[in-house]
Amino acid sequence: MKFHASLALAALVAASPAMAGPDDNSLTIGLGEELPGFDGYTSTSRDGVVMTRHLFDTLIWRNPETFEYEPLLATEWSRIDDRTYEFKLREGVTFTDGSPFAADDVVGTLTYWSNPENGARSQSSVSWIETVEAVDDMTVRIVSKEPFPAALEFVAGSLPIYPWDYFEEVGAETFNREPVGSGPYKLETAQGGTTTLSINETYYDSPKAASIETLMIRTIPDDATRIAELLGGGIDWTWNVPADQVAQIDSVPGRTGVLGSTMRIAFIGLDAAGRTGEGNPLTDVKVRQAINHAIDKAAIVANLVGGDGEVIDVPCYPMQFGCDVDAAVTYDYDPEKAKALLAEAGFADGLTVSMTSYRDRARAEAVQAYLAAVGITANLEMLQARASFSGWREGQTEVWYGDWGSFSIADAQASLGNFFDGSSNDGFRDEEVMALVAEAAGTVDEEVRKANYAEAIKLITERAYMVPMHTVVMGYAYDSALNFTPNVDEIPRFFTASW
Amino acid sequence: MSVPAAQVRRPARWRAALTHKSLVIGGGVVLLIAIAAILAPVLTPFDPAQPDIANRLKSPFWMADTVPGHYLGTDQLGRDYLTRLLYGARISLVIGLVAVAISATIGITLGLVAGYFGGKVDAVIGFVITTRLSMPLVLIALAVVAIAGGSLTTVTLVIGLLIWDQFAVVTRTATQQARSADYVRAAEAMGCSLPHILAREILPNIMPAVIVVATVELANAILLEAALSFLGLGVQAPLPSWGLMLSEGKNFMFFDPWLITLPGLCLVTLTMAINLMGDGLRDALRSGRR
Amino acid sequence: MLRFLLQRLIVAAAVALTVSVITFVLSHVAIDPAVAVAPDSATDADIAAIRAQYGFDRPLPVQYLGYLGDIVTLDLGTSYLTGEPVAGMIAERVPTTALLAVFSILFALALAIPLGVLAASFPNTMIDRLCLLLAVAGQAIPNFWAGLILILIFGVNLQWLPISGSSSLAHFVLPTIALGTFAMPALMRLTRAGMLDVLASDFVRTHRAMGLAPAAILFRWGLSNALLPVISLTAVQFGFMLGGSIIIESVFAIHGVGYLAWQSFSRADMPVIQAIVLLVSLAYIVLTLAADLINAWMDPRIRSAA
């Protein structure tokens, strides 16, 4: 017993001021979801994207302040013809394993991942690429299958470049665990729920050059525990903080809480295609319209969203190109009308549906209560984001209160094009809408695209495939001594943060 | 559980029991909570599932920022907290009592059969009990709920089907002892049927021990339900299970701590009262037998 | 002694086999493993192919024997979610959970034995009542609630102790208290009961009559005899700890087996779930077996019954 007592005592002593934060120029970050891996092509969750931005560089990047494309691994680029971009690569860059960066790294990485057999998770990021070729050792050309206006957007955002020799040697699976890149940070260790990144000492003089030396990323799944750690000083930065807490945290001395605007929209997907089973009540348009009438979106936004979150009536982010707000059929909050529609559909005595959600339990329960008020019993399950999204994609969820960040791309293609394309995201499978969206995706004619998206939005809202809910605001909380600015694209950039 | 016949015949034992403080206090508190749970619709005008999101996170009466009528404030959706706590008691008690009824039926049957027949039957049942004991309760409950999906019914069933082991152990031992008792021998000699002997002669005599086990398991069942609901795998929203209320309230505990202290205190009070009652019963029945 | 040992071993092995049947049912019968293994986009034909490839179309008893063979060779399958071998995922996390369980049981014993002895030394006094009340309270406090309150008080308000994770010994203090408190009452009651019995025995009465100091009696004879059953219960409680650690590890974000279990439950990752259920049950079986053997070895009545 004495032995144990001395251990406990030692433990208590060890608890006194831990080395952290400004003292050793490190930043401890608390995330809610387990990091799936470090390969940017297969780990497309938000936290995964954040990681890849720190470990790898892309050829060019979009400066988060000016929104302009700026040089990164490529120093200049030009459009050769409708389908071809040429990039001049930066001289003297090395990967963190010491190998020099050259054209074969770009050709190897992009050729490998644009092959659908290699299983890039987000095929829309790579499927437009036809070939990638080296003009000389420091020049590459990317050729798209068709004229592709969004090419630079993807090159800047979604296509990290890997050291091809190393990748070929270890294979995709090992690379996912033991990545080597040329980004501002390199991976030190990843175990026991903590991932440590240290600054890349050999990084060139880039706008992405970091100030903070060590990033410690901890997975703390429980929101309450994560907020507790921030308040107690165990972590210096976290996000996904519920809106109420943000203002309260901001009132605590030494802590800053900020609500950042995003391009993310929240909506309630309804299983109109009947993927959960034949004869599902949601295949009836009257039931779906009833649900649209049953929910008081304005009250939810005013009380549970916070910040500059606003009600939306369209299945896309209103600022996106082609997201024509006026084209939408809108549904006012009218529980009586909802009940009447349900009665017309033959559900006067009510019905029961399955429902899942993640991000915010209070909002999900509010929706559940609005549905209950018109006689719809929703069996709500709160899950982690990944599990909830998979449930929808696999057609196991009848009512899905989810959200979509459009990869922060300001074009309706990134929202409508991901949910009305017949893919596993598409729980509606409306041939007419699919045709309109597909045509819009395959043309560069802006008028055609606008007209098609407007027509698609009209059909989608008329047939009430989803309940467009609101824009999402992201709650950030961090140590007040930290210089940090949230970005509208929901990608925190710790390489621009400093103490 | 109805009062067993054997005890009604001997009121003196119950009078003696009333001198045990822990029994009186524990039993009194349990009774009070049960009455409050039954009378919940009379005691409060609110619906436990009805949100009022314009009046959310209002404080209880002893703090500032209160709303008249909401004595214990409102939760993150503006639902009256007192109402939810009262209806929560219903859920705890109903799940606890039904689960204990199920487990008592299973456990007592197994125990009676094993204890009465002995030999191979006893060995087999003993083996079943050992197997059940070697599988951790929370883990199995979670595994089953993960497959079957959480709901009031599944949670009750799963708990009921898992916590019968102590009933079986206690009944088995008591039956083994009772079997050699004179009155059982006499009944056997008189040619009474087996069910008759088990039900009329043995059961009443092992009832005291069973009742003590029942109180312990009732407390266990209530805590287990709260744990499952807390993990999000038990009773589902909008039902006001105390465990689920803790889970919903924990994000708000830093600035509105009553959201977790109140349901927690309710859980502690109820289980502690049940345990006290059990302790008192055990002592009372032991001294009564002397 | 040898016969007793053999008999216990056979029972333990039989129980272990039964548990493996139950975990097999969980992972192969209660859900369709082929559907679970298949990627999101799989068609019915793909699933049929997977069924044949993995042998899920064989008769269940044959599949069970294959499963048993895998377990013996420490192949616990692959996680549906991460694609990693389950054995490795668990092995990586066992030390953390074992450490937490050991700390918690030591904490519980450190409270339970002195309190139990104290209560037995002054039976039916205020001290005794107070100890019993502590036991009743300890039993009634749900450990997840205790965890939240500890975090709120010692982590956030006082900032004395780290809140989550397992990177230093200090990180174990709060979860140890939350988990250990729940195991304490049963151990304390047993210590008290054991001490009361021993103190009332003729043996101790004789020594007391011979004029030995009460403290000497208490510690030399009383404790060593009273602790015999406590050892068994400690093993049992240790098994409960592994179950209870699910909740505690998820509250304190400790990346151990319990946290892995909770994650797997919420995503229905059956290979991981069944492996954890199997391993924790096996650990429990081994522990109770060990406790029985220690008891037998220390109890001369069983030892001599060779």
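Visitor: At what angle do helix α5 (residues 81-117) of chain B and α11(B) pack, and how far apart are their axes?

Guide: Good place to start! Keep in mind that this is a predicted model. Helix α5 of chain B, residues 81-117, packs with α11(B) at an angle of about 140°, and the axes are 8 Å apart. An angle of that kind makes α5(B) oblique to α11(B).

Visitor: In which hand does α5(B) pass α11(B)?

Guide: The crossing is right-handed. On the α5(B) side the contact includes Ile95(B), Gly96(B), Ala99(B) and Leu112(B), while α11(B) brings residues including Leu198(B), Val210(B) and Glu217(B).

Visitor: How do the residues of that contact divide by class?

Guide: There are 15 nonpolar, three polar and two charged residues in the contact of α5(B) with α11(B).

Visitor: Now to the contact of chain B with chain C. How many residues does the contact take from each chain?

Guide: Chain B puts in 36 residues and chain C puts in 38 residues. On the side of chain B that touches chain C, four helices supply at least two residues each: α6 (119-134), α7 (137-148), α11 (194-230) and α13 (258-289). The one that gives the most is α13(B), with nine residues. Sorted by class, this side of chain B has 27 nonpolar, seven polar and two charged residues.

Visitor: Let's move to chain A. In what order do the 10 strands of the open sheet stand?

Guide: Read the sheet as a row of strands. In chain A the order is β8-β9-β10-β1-β11-β16-β12-β15-β13-β14, and the pairing is mixed. The edges are β8 (185-191) and β14 (376-382) of chain A; each has a single partner strand, so one side of each has no neighbour in the sheet. On average, neighbouring strands are turned by 25° against each other, direction ignored.

Visitor: Strand β15 (residues 399-404) of chain A is in that row. Why is β15(A) described as largely enclosed by the rest of the structure?

Guide: Count its buried residues. Five of the six residues in β15(A) are buried, so the strand is largely enclosed by the rest of the structure. To see its partners, look at strand β12 (residues 255-270) of chain A, which pairs with β15(A) in the antiparallel sense over six bridges. Within that pairing, Gly269(A) has Trp400(A) as its bridge partner. Strand β13 (residues 351-357) of chain A runs parallel to β15(A), joined by three bridges. There, Ser357(A) has Tyr401(A) as its bridge partner.

Visitor: Which helices pack on this sheet?

Guide: Let me first point out one more pair of strands. β11(A) pairs with strand β16 (residues 466-479) of chain A in the antiparallel sense, over three bridges, and Trp239(A) has Tyr476(A) as its bridge partner in β16(A). Helix α7 (residues 223-232) of chain A packs on the sheet, touching β1 (26-31), β11, β12 and β16 of chain A, with its direction at about 155° to that of β1(A). Helix α8(A) packs there too, touching β12 and β16 of chain A, and its direction makes about 175° with that of β12(A).

Visitor: What is the order of the open sheet of four strands in chain A?

Guide: That order is β4-β5-β7-β6, with antiparallel pairing. Its edge strands, β4 (74-81) and β6 (129-136) of chain A, each pair on one side only. From one strand to the next, the twist averages 20°. β6(A) pairs with strand β7 (residues 139-144) of chain A over six bridges in the antiparallel sense, and Thr131(A) stands opposite Val143(A) of β7(A). Helix α3 (residues 103-114) of chain A lies across β5 (84-89), β6 and β7 of chain A, at about 170° to β6(A).

Visitor: Last, the loops. Is Asn240(A) buried or exposed?

Guide: Asn240(A) counts as buried, because it has 20 C-beta neighbours inside 10 Å. You will find Asn240(A) in the loop between β11 (237-239) and α8 (243-250) of chain A. Its phi is near 60°, a positive value in a residue other than glycine.

Visitor: And is Asn124(C) buried or exposed?

Guide: Asn124(C) is exposed, with 8 other C-beta atoms within 10 Å. Asn124(C) sits in the loop between α5 (86-121) and α6 (126-140) of chain C, and its phi is also positive, near 60°.

Visitor: Which peptide bond in chain B is cis?

Guide: Look at the bond from Ala237(B) to Pro238(B): this peptide bond is cis, with omega near 5°. Pro238(B) belongs to the loop between α11 and α12 (242-249) of chain B.

Definitions and conventions. Residues numbered from 1 in each chain as written. Chains lettered and ligands numbered in written order. Predicted model: local features only at pLDDT ≥ 70, side-chain atom pairs only at ≥ 80, totals over all residues. Buried ≥ 20, exposed ≤ 12 C-beta atoms within 10 Å, placed from the backbone. Pairing = 2+ DSSP bridges. Contact = placed C-beta atoms within 7 Å. Nonpolar A, V, L, I, M, F, W, Y, C, P; charged D, E, K, R; others polar. Axes fitted to C-alpha atoms, helices over the stretch in contact; angles between N-to-C directions. Parallel < 35°, antiparallel > 145°, perpendicular 65-115°, else oblique. Left-handed = near helix turned anticlockwise from the far one by under 90°.
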